[in-house]
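This report goes through one structure in order: a covalent link, the open spaces, a sheet, and a few loops and strands. Keep the sequence and the model at hand while reading.

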Amino acid sequence: MARIEYDEDDIDDDGPDAVAPDWRRRLLTWGLAVVGLGLGFLIPYVLYLNHQVSERFGELQWQVPTRVYARPLRLAPGLAMDAQTLKTELDAAAYHEGDGVRAGTYVRDGSRWTIASRGFRDIDGAVGPSRIEVVVSGGRVTAVRDLVGKREVRAVRLDAARIATLYGQRQEERRLVRADDVPQLFTDTLQAVEDRDFAHHHGIDLSGMARAAWVNLRSGERRQGASTLTQQLARSGLLGIGREVTWSRKLNEILYALIIEARYGKGTILEAYLNQVYLGQRGAQAIHGVAAGAEFWFGRRLEDLETHHVALLVGIIRGPSYYDPRRHPERAQARRDFVLANMLQTGLIDQAEHDRALKAPLGITTSPGSIAANRFPAYVDLVRRQLARDFPANELQGAGLSVMTGMSPSAQAYAEASVVATLKSLETAKRPPLQAGVVVTDVHDGVVVAVVGSGQPTVHGFNRAVEAQRPVGSLLKPFVYLLALARPTEYSLATWVDDSPVSVTLANGRRWNPGNSDGRSHGSVRLMDALAMSYNQSTVRVGMQVDPRRLAELVHTLSGVRAEPNPSLILGSLDQSPYAMAQLYQFLASGGEIQPLHAVRGVLDTEGRAVNRYDKKPAPATEGDAIAARLVTLALQHAVTSGTGRQLVNDGLGRLNAAGKTGTSNDGRDSWFAGWTGDHLAVAWVGNDQNEMTGLYGATGAMRVWSGMFSRLPSAPLRVGDAGLDWQWVAQSNATDASCPGARRFAFVNGFAPPYQSCVQAMPGLFEGEGEGEGQERRGWREWFGLGRRDEAPQPAPVTEEPTP
């Protein structure tokens, strides 16, 4: 066997210690390898995180919801207003009782209100903050004074209430703010509680970690966190870091924080934090940002928060669910008091303010208010429909726009309350379930100020005010008479019309014989009375004279609705929505102007600039349209005082001098009322979704909704101008002597009033039954002296009208 021989020089004679240098070399090699591998992984990973920061944080782009606002409240001397309505409007816009000095507060002293308004942007530009004194007395504003300029002013506008929010793909409520616009007390408190060394550290704060550990150890609970604001921002969701407590998440958080601090200034980081911080949840809706948090918890704007509000909001940041003041008020108060102590310790407030804030209630609202799901579904549905022409849904929702509407919070509240109360009062065991639809407009410009689409106004679903197509009944009659009165050589309010049985041959050869609701004929009646009493027979005669085709054309011109020009159209054989009928009646209510109804006044972009406006002034009414509208309005005022709407006077609404028309469809299935004052037009419908008989007439259903609303809504009395009109006294004999028995004063188109005729001149014709116009009822001496006919009972004044055929 061969033997292996070794050279003596190859043998190490150093013994066991000779192994150590070899081990150290191996350890160093492995160490360098690990570091190399670590750097090889860490450097690309840090570069990846840096790219994420650049994409997500660098652009600072959030999905901001589009907000929908009511109209700014305008206060001017002479405006119809009362104390309850003014308070309703202020409350809706998140004003609070206070000193009337701090923005967003008001104080009342009898009839005097001192209001500190906030600045805001409207479609015509920015409106600055102000401090005003408003005197409300006798159902109207009697004075408006600018307390800063110490002068009387003609009008002021207060910032509008927020009524809805249109979210994008994420249900995130957020209102972007600039750091400079956030109250300094809030940012100072935030840093004092959450990150005292924010101005000096580079993303992580080792001294803060030690201090937090010491505080938590002493208190026996987790009262302070060790994360900096930058770390909190990193895990807030903006950069996609989860909230689970793991080493990998913590490492990502630290790396992100270091990268953010290396790339951006403290001001940028703080602003991002203020807009991103999570502050609560309602269902699927997350509340992000301090401005949205202030509205969510307190119903106030961020700049309106008081010391105790600031302390609670900052305290909630630590755990919005754990410190939820609605569910856990004790925890929330303890946390707030801790923050107040911190504010005192760091010199942010003095002892007196600390003690005052410590005694204050939490100050939260019972519910999140306007931040919650849209409170006015029917009105917002109309807003969406109008905007759909210019803004596809995916461009509107979550786009950060401001939609400025014409809603009046008080009108909306009163309309909703009246619908609910009226339907409840009409409930009976034999009556089917009732529903309602209401549209209220401003008669001056066609702005829709309120919409109710259901007997449960806050429930989302079928919008009956806009979508329900129901037979309108006698609501069309005023437009029959409008066409007649536009022919002053043939018709006037004093014209005698025949209300005897009538028969009309239809296109199919059949005969149509409409009757009156009371089953009676009333002989010859004045045209104004025929409309006020809603007599069917006389209306059909007038309608056939003016031609149903002209009526169909008029309806289409005024409302865009196409109707079949059948004779039955005269009595309302047309299915339409309350909104469509409001558009039709807007012509009469506006005094003859063609005013397209609109809920949206304009849309502002994220910078507050108007990108679309819908408040174009309508063209003035032509002279002929204005005169004809005035005459019909006078007849419908007569309908309220002496005709089918006279219950309104019994309800105490005679002061409004309102004009109105009832409507009822076949078998009492649909109840309608359209009425207007000097400020508002409202069209109401009451019926059953399954088209079952309700037993209601216009005066017993829909008109009660109208009455309930206007018993609370301040509105100017309706005054019909005399332009183009000539008022004359006319007796039953057509004598135009005011001294004649039974003489009534009628308005005629200028130049078409009857010539003067004394009672004596008219007497022979009365005794002989002669001298009356064609188609007029013959009247003898008994009627001249008010004794009536032997064969006819005195004429009744029915409160209902004939259903449509």
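A search of the whole structure finds one disulfide, where a disulfide is a pair of cysteine sulfur atoms within 2.5 Å. The structure is a predicted model, in which local features need pLDDT of at least 70, side-chain atom pairs count only at pLDDT 80 or more, and totals for chains, interfaces and linings use all residues. Residues are numbered from 1 along each chain as its sequence is written, and side-chain values use heavy atoms, with hydrogens and water left out.

**The disulfide**

A disulfide is a covalent bond between the sulfur atoms of two cysteines. Here the two are Cys740 and Cys759, with an S to S distance of 1.7 Å. The angle about the S-S bond is -135 degrees, and the link of Cys740 and Cys759 is left-handed. Cys740 lies in the loop between strand S30 (725-730) and strand S31 (744-749), and Cys759 lies in helix H23 (residues 759-768), so the pair ties together parts that are 19 residues apart in sequence. Helices (H or I, at least four residues) and strands (E, at least two) are DSSP runs, numbered from the N terminus. Both Cys740 and Cys759 are buried; buried means under 20% relative accessible area, exposed over 50%, and partly exposed in between (1.4 Å probe, protein chains only).

**Pockets and cavities**

Both kinds of space are found on a 1 Å grid over the protein atoms alone: a cavity is a set of points where a 1.4 Å probe fits but cannot get out, and a pocket is an open set with protein on both sides within 12 Å along at least five of seven lines. Lining residues have an atom within 4 Å of a point. Grid points are joined across faces, edges and corners, and a volume is the space filled by probe spheres set on the points. For the classes in the table, Ala, Val, Leu, Ile, Met, Phe, Trp, Tyr, Cys and Pro count as nonpolar, Asp, Glu, Lys and Arg as charged, and the others, Gly among them, as polar.

| Space | Volume | Lining by class |
|---|---|---|
| Largest pocket | about 1,500 Å³ | 20 nonpolar, 10 polar, 14 charged residues |
| Second largest pocket | about 1,100 Å³ | 15 nonpolar, nine polar, 14 charged residues |
| Second largest cavity | about 60 Å³ | eight nonpolar, no polar, three charged residues |

The largest pocket is lined by 44 residues, and those nearest its centre are Arg175, Leu176, Val177, Arg178 and Thr606. Which element supplies the largest share of this lining? Helix H7 does, with four residues. Other elements that each supply at least two residues include strand S1 (66-69) and helix H8 (290-298).

The second largest pocket has a volume of about 1,100 Å³. Its lining has 38 residues, of which Arg71, Pro72, Arg74, Asp442 and Asp445 are the closest to its centre. Strand S2 (73-75), helix H2 (83-92), strand S11 (156-158) and helix H14 (409-426) give two or more residues to this lining.

There are five cavities of 30 Å³ or more in the structure. Residues that line the second largest cavity include Arg71, Leu73, Glu89 and Pro409.

**An open sheet**

Five strands form an open sheet with mixed pairing, in the order S12-S1-S16-S25-S26. Two strands pair if DSSP finds at least two bridges between them. Strand S12 (162-166) and strand S26 (610-613) are the edge strands, and each pairs on one side only. From one strand to the next, the twist averages 20 degrees. S1 and S12 run antiparallel and are joined by four bridges; in this sheet Tyr69 stands opposite Arg162 in S12.

**Positive phi and a hairpin**

Most residues other than glycine have a negative phi, and most peptide bonds are trans. Asp547, in the loop between helix H17 (536-546) and helix H18 (548-559), has a positive phi of about 90 degrees. Asn657 also has a positive phi, near 50 degrees. Asn657 lies in the loop between helix H21 (647-650) and strand S27 (659-664), and is partly exposed, with a relative accessible area of 33%.

S27 is mostly covered, as six of its six residues are buried. In a regular strand the side chains alternate between the two faces of the sheet. In S27, Ala659, Lys661 and Gly663 point one way, while Gly660, Thr662 and Thr664 point the other way. S27 pairs with strand S28 (residues 670-676) in the antiparallel sense over six bridges, and the bridge partner of Lys661 in S28 is Ala674. The hairpin of S27 and S28 has five residues between the strands, and in it Asp667 takes a positive phi near 60 degrees.

Notes: Axes are lines fitted to C-alpha atoms, for helices over the stretch in contact, and angles run from 0 to 180 degrees between N-to-C directions.
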